[in-house]
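Trainee: I've never looked at this one before. Can you walk me through what's there?

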Amino acid sequence: MAMEAGFDVAMDLVRDIFGNPFRPITINPSWLIPTVVALATDIYEQKAFDRMPILADALQDAKCDNEDILNHCRQPGEHCRGCWALDLLLGKG
């Protein structure tokens with residue numbers, strides 16, 4: 001059982017970093033309002049991944065309608081530096 005739990009955690013981190021390679025996502029530049037960029041930068045630099053749902057709200061305020069990004073940001077569980085959504089928003093990919 002412990003090995004299965006460790007595998008699940010590892011898979012969550014892999015999904016956090018790579019996302020779904022079969023559904024590539026592009027950012028609409030209009031979503032990159034100052035609030036979104038500042039929040040994404042703070043989350044990345046401070047490793048404050050508990051603020052990801054707030055980032056989803058800010059993205060919605062910026063008229064982001066991409067369910068993959070919004071759902072990923074609201075997803076409970078582990079996020080890390082290298083998170084595909086943060087990297088995409090910050091142009092780190």
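Predicted model: local features only at pLDDT ≥ 70, side-chain atom pairs only at ≥ 80, totals over all residues.

Trainee: OK. How many helices and strands does the protein chain have?

Mentor: There are 5 helices and 0 strands. Along the sequence the pattern reads α-α-α-α-α. Helices (H or I, at least four residues) and strands (E, at least two) are DSSP runs, numbered from the N terminus.

Trainee: And what share of the 93 residues is buried?

Mentor: Buried residues make up 35%. Buried means under 20% relative accessible area, exposed over 50%, and partly exposed in between, with a 1.4 Å probe and protein chains only.

Trainee: What about the surface?

Mentor: The protein chain exposes about 5900 Å², and carbon and sulfur atoms supply 57% of that. The areas come from the Shrake-Rupley method with a 1.4 Å probe; for residues, only the protein chains shown count as cover.

Trainee: What part of the contacts comes from residues 24 or more positions apart?

Mentor: Among contacts with a separation of 6 or more, those residues account for 62%. Contact means heavy atoms within 4.5 Å.

Trainee: Let's do helix pairs. How do you describe one?

Mentor: Two packed helices are described by the angle between their axes and the distance between the axes. The axes are lines fitted to C-alpha atoms, for helices over the stretch in contact, and angles run from 0 to 180 degrees between N-to-C directions.

Trainee: So at what angle do helix 2 and helix 3 pack?

Mentor: About 165°, with the axes of helix 2 (residues 34–46) and helix 3 9 Å apart. That makes the two roughly antiparallel. Angles under 35 degrees count as roughly parallel, over 145 as roughly antiparallel, 65 to 115 as roughly perpendicular and the rest as oblique.

Trainee: Which residues make that contact?

Mentor: Helix 2 brings T35, V36, L39, A40 and I43, and helix 3 brings M52, I54, L55, A58 and L59. By class, that contact has 9 nonpolar, 1 polar and no charged residues. Here Ala, Val, Leu, Ile, Met, Phe, Trp, Tyr, Cys and Pro count as nonpolar, Asp, Glu, Lys and Arg as charged, and the others, Gly among them, as polar.

Trainee: How do helix 3 and helix 4 cross?

Mentor: At roughly 150°, and the axes of helix 3 and helix 4 (residues 67–74) come within 7 Å. Helix 3 is therefore roughly antiparallel to helix 4. The helix 3 side includes P53, L55 and D57, while the helix 4 side includes I69, C73 and R74. This contact divides into 8 nonpolar, 2 polar and 2 charged residues.

Trainee: L55 keeps turning up. Is it buried or exposed?

Mentor: L55 is buried, with a relative accessible area of 0%. L55 sits in helix 3 (residues 52–61). Beyond its neighbours within four places in sequence, L55 contacts V36, L39, A40, I43, C73, L86 and L89. The C-alpha atoms of L55 and L39 are 6.4 Å apart, though the two are 16 residues apart along the chain.

Trainee: Where is L86, then?

Mentor: L86 lies in helix 5 (residues 84–90). L86 is also buried, at 0% relative accessible area. Its contacts, leaving aside neighbours within four places in sequence, are A40, I43, Y44, F49, M52 and L55.

Trainee: And Y44?

Mentor: Y44 is in helix 2. At 18% relative accessibility, Y44 counts as buried. Not counting residues up to four places away in sequence, Y44 touches R81, G82, L86, D87, L90 and K92.

Trainee: Switching to loops. What stands out about the backbone?

Mentor: Most residues other than glycine have a negative phi. K47, not a glycine, has a positive phi of about 55°. K47 is in the loop between helix 2 and helix 3, and is exposed at 54% relative accessible area.

Trainee: What is the phi of K63?

Mentor: Near 75°, a positive value in a residue other than glycine. K63 lies in the loop between helix 3 and helix 4. At 65% relative accessibility, K63 counts as exposed.

Methods:
Residues numbered from 1 in each chain as written. Heavy atoms only, no water.
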